[in-house]
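My entries follow in the order in which I made them.

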Amino acid sequence: MMTSTPRLTHRIAAGAAALMLALAGCSETSSAPEGAAAEGESVSVAMTTPTWILPISQPGKTQGENAIFISGLYPSLFSYELGGEDEFNLDRERSMAESVEVSEDGLTYTITLKDLQWSDGEPITTRDVEFWFNLVAANKEDWASYTEGGFPDNVEAFETIDEKTFTLTTTEAYAPGWYIGNQLNALTPMPQHVWDKTSDDGEIGDFDREAESAKKVFEYLITAAEDPASYASNPLWDTVSGAWELGEFTPGGQFSFVPNDAYEGEDQPTLSEVVFKPFTDDNSQFNVLRSGGIDYGYIPPGALDQKPVIEQAGYTVEPWHGWSITYMALNFANPETGPLFEQKYLRQAMQQLIDQESISEVVWNETAAPTCGPVPQEPGSAGTMEGCAYQFDPEAAIQLLEDNGWNVVPDGVSTCADPGTGEGQCGEGVEEGDELSFTLVSQSGFTATSRMMAEIQSQFAQAGIELNIQEVPDSVAVTQACEPGAECTWDMSFFGSQGSWYYPVYASGERLFASDAPVNLGSYSDERADELIKATKFSSDPAALEKYNDYLAEDLPVLWMPNPVNRVSAFKSDIKGISPQDPMLYMYPQDWSRD
Amino acid sequence: MIGRDDRSSTRPAIRKGRAQPMWQYVLRRCGQAVVVVILVTFLTFLLLHNLPGGAARSALGLGATQAQIAAYNEQMGYNEPFITQYVLYLSRLVSGDLGFSFQMNQPVAELIVQRLPKTVLLSVLAAAVALVIAVPLGALQATRRGKLPDYLVTWVALLAYATPLFFSGMLLIVLFSQTIPILPPQAPQGFGVRDILSDWQGLILPVGTLAIATLAAYTRYVRSTMIDNLQENYIRTARAKGLPGSRVVIRHALRNSLFPVISLLGMYIPVLFSGALVVEQLFNYPGMGLMFWQATQTRDFPILLATTTIVAIATVLGSLLADIAYAVADPRVRLSGGGE
């Protein structure tokens, strides 16, 4: 026994040494960490695997990665850019449409296509747009962007003028900015000459022109789109209109774009390949980024202090600002606390207790900017509250509560001392002794959000407003709009660590703050707000959006919160054309090039 | 991870009495296994069923209309009473239908078939590496009990055991991918096992991380069982017969000490199925663990249900197989009441 162990030890030591030598030896002959091979004309990008390819989005398939994926292969008819000269924020160069003209009565939109072709050489024609329109019209309930009365319900007629020109006649005269920005943005040419069939080996026909057969075509395409594993092998997806073709789509979720040689748009790709590497977790993505294993990734919110390290590793670090707003929802439908939130003075007091400027600067390391109303400030604008309806003013907030019948107990819980609906009283539905104590469901996993909530909790406490913060992963408990008649017990909710809501180019609130809006989480309802939202859709007054913004900024359907960037991007400094990143969160690798 | 240094948790109890027939023992343990699996599926189903928001909102997104949600619930049978849904789920489960992942757009069974081999590969490699190192180390400790090598290995093992997987993984990445960049920080992304193996360098850090955690448990386990065995009469007899020390240790003490490792390996089966979630997440290894992690983030109920059920079955099955193997190896286990 005494002799065996040393031998054993020697063997183990020798084995370990051999293993280390083997590793070291391998390291010399083998490659450096993955991604080091990405050089020359190729760029690797960290991205969640897309799960949808058909340019008619299904509910639940509208994630950003799907939009980026689809737009590379099947771009919409119109592209948009904020802050340009164009009246409707159209990106004329990138758009597939040559022009859009609105008739004097505001009812007819005449759209002319550019002279472009599919990857198989066939021309892109109005028939391809009609194909998309017919399929959506016949299957609107299954289309993610459908809301009753919206597109395509609001289309009286789709008429083909010639191969390159068609008209859409609307049922009412809409505000052109809204219609072009928020309705026509979905129009996407699809290859009718390849897709208009009902089975893999079926004949191509005009099936989309009859509702019944259009449903079958749609079903066929949906079934094909529901199989990401076949994206690279299914011939359906070989025919594309965008700057890119699908190079690979592995079952592991990696995919790549290679240039579509037939593409004739003005934004021609210069890279030979863009490889999108799948990551489902921030940490693993960041480890690879830090090792130089990907060309374009992002710094997770909890690792922002690593920015200098990333920059030293040859990356440019740039916040990706979004066309977004961030807010804390108040549940007006809660039977207990809803009547409190109905009191405008209370909402005003709470808003005055949120120091957005300091939070943006200190807590978010200047990667957030105040939100002052429902229409976003210019992306990337300075983080000031200049022009906001409410400034941070704790004293004014306390005064407001006291002036409305509340016994303010700093660092305690304020109570209603003077109930009633008269001047200086607590207001309708508020009883004597009612307390200002709320539960706030907030998002876990974001250090800055936790710190922000602690700051707000502390400020609210000064006015005797007790906030009980419950941090939960948004995957577990995303706050829902209350369904009529259902129990609805949440008080306040925040899920905006990367922005609460991202808009299409026209930032109207019909999906957010209208009484019947699908994402009106807190069931806010205000007659004047509804009128102003309606005006943004129908009025020819260019100031309609401004009026709507000013009213809701002041009326507070929600509490406006610092608006964080979508993400902090890091890309190798030799890649040009990434910056500025699109505030509507599209990605255009055809603009990128390497030095 | 698995197995603390507590043999009673994995080693079937041995009681005095008359040995029951093997078939009876197996039958009884199988019965227990079925009950446990049904209970686990029921509880999982109940918990997921009661998550706020429900499956429809998760599947269709925040912007879905009430009509779309209603249609989805109707189509998926979510309007049915809870018990009906559960029974339907069980009946589909029995027929092998694990549902359809609405986030990944694939049948869950297909996803599992794609990912399970990768997790099995990762876990088996980690277990093998851990065993290869742990057995001699444990033996060394037992033979050098109370001496420097014993203390040294104990310290290292305890340190490894106490270090969270996440931390040790990060440490390895910092060391071998960033400070001395000789290994990739990302696990192989290939589709099949062959692809994964062809990118074997990518496997070193995840396998190493997982092995470190299990190595500590195995070492402690081998050490304590070997110490027990070294005190047995047959060892004294072997020594008295004049057998060389190495032969006594390796042929007699070590071999008998490996029996309990059978149960330890049995308990390792659930790890094979569930994947070392942390390791897969840290190294972006596309196995069961990463899929489960992704499903929790997106509330992909069919995947969560299926994975939990499979892990439950694997756990019960692993325990069952370990007990049976142990009972075969050591008939004392089958004494009346044996097993549990």
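**Hairpin and next strand, chain A**

I began with strand β6 (residues 244-249) of chain A and strand β7 (residues 255-259) of chain A, which pair in the antiparallel sense over 5 bridges. I count two strands as paired if DSSP finds at least two bridges between them. Helices (H or I, at least four residues) and strands (E, at least two) are DSSP runs, numbered from the N terminus. I looked up A:E245 and found its bridge partner in β7(A) to be A:V258. β6(A) and β7(A) form a hairpin with 5 residues between them. In the turn, A:G253 has a positive phi of about 105°.

I then followed β7(A) to strand β8 (residues 273-278) of chain A; 3 bridges join the two, and they run antiparallel. A:F255 has A:F276 in β8(A) as its bridge partner.

**Notes on the model**

I note that this is a predicted model, in which local features need pLDDT of at least 70, side-chain atom pairs count only at pLDDT 80 or more, and totals for chains, interfaces and linings use all residues. Residues are numbered from 1 along each chain as its sequence is written, chains are lettered from A and ligands numbered from 1 in the order in which they are written, and side-chain values use heavy atoms, with hydrogens and water left out.

**Four-strand sheet, chain A**

Next I looked at an open sheet of 4 strands in chain A, with the order β2-β3-β5-β4 and antiparallel pairing. At its edges stand β2 (97-102) and β4 (155-160) of chain A; each has a single partner strand, so one side of each is left without a neighbour in the sheet. From one strand to the next the twist averages 15°.

β2(A) is joined by 5 bridges to strand β3 (residues 108-113) of chain A, and the two run antiparallel. I found A:E101 opposite A:T110 in β3(A). Helix α3 (residues 126-138) of chain A packs on the sheet, touching β3, β4 and β5 (165-170) of chain A. Contact here means heavy atoms within 4.5 Å. The direction of α3(A) makes about 150° with that of β4(A). Axes are lines fitted to C-alpha atoms, for helices over the stretch in contact, and angles run from 0 to 180 degrees between N-to-C directions.

**Five-strand sheet, chain A**

I went on to an open sheet of 5 strands in chain A, in the order β17-β16-β18-β12-β20, with mixed pairing. Its edge strands are β17 and β20 (558-560) of chain A, each pairing on one side only. Here the twist averages 25° from one strand to the next.

Strand β16 (residues 437-443) of chain A and strand β17 (residues 466-472) of chain A run parallel, joined by 7 bridges. A:F438 has A:L467 in β17(A) as its bridge partner. Strand β12 (residues 327-330) of chain A runs antiparallel to strand β18 (residues 492-494) of chain A, with 2 bridges joining them. I found A:L330 opposite A:M492 in β18(A).

**Helix pair, chain B**

Last, I looked up helix α2 (residues 22-49) of chain B and helix α5 (residues 82-94) of chain B, whose axes come within 11 Å and cross at roughly 130°. Residues of α2(B) including B:I38, B:F42 and B:F45 meet residues of α5(B), among them B:Y86, B:Y89 and B:L93.
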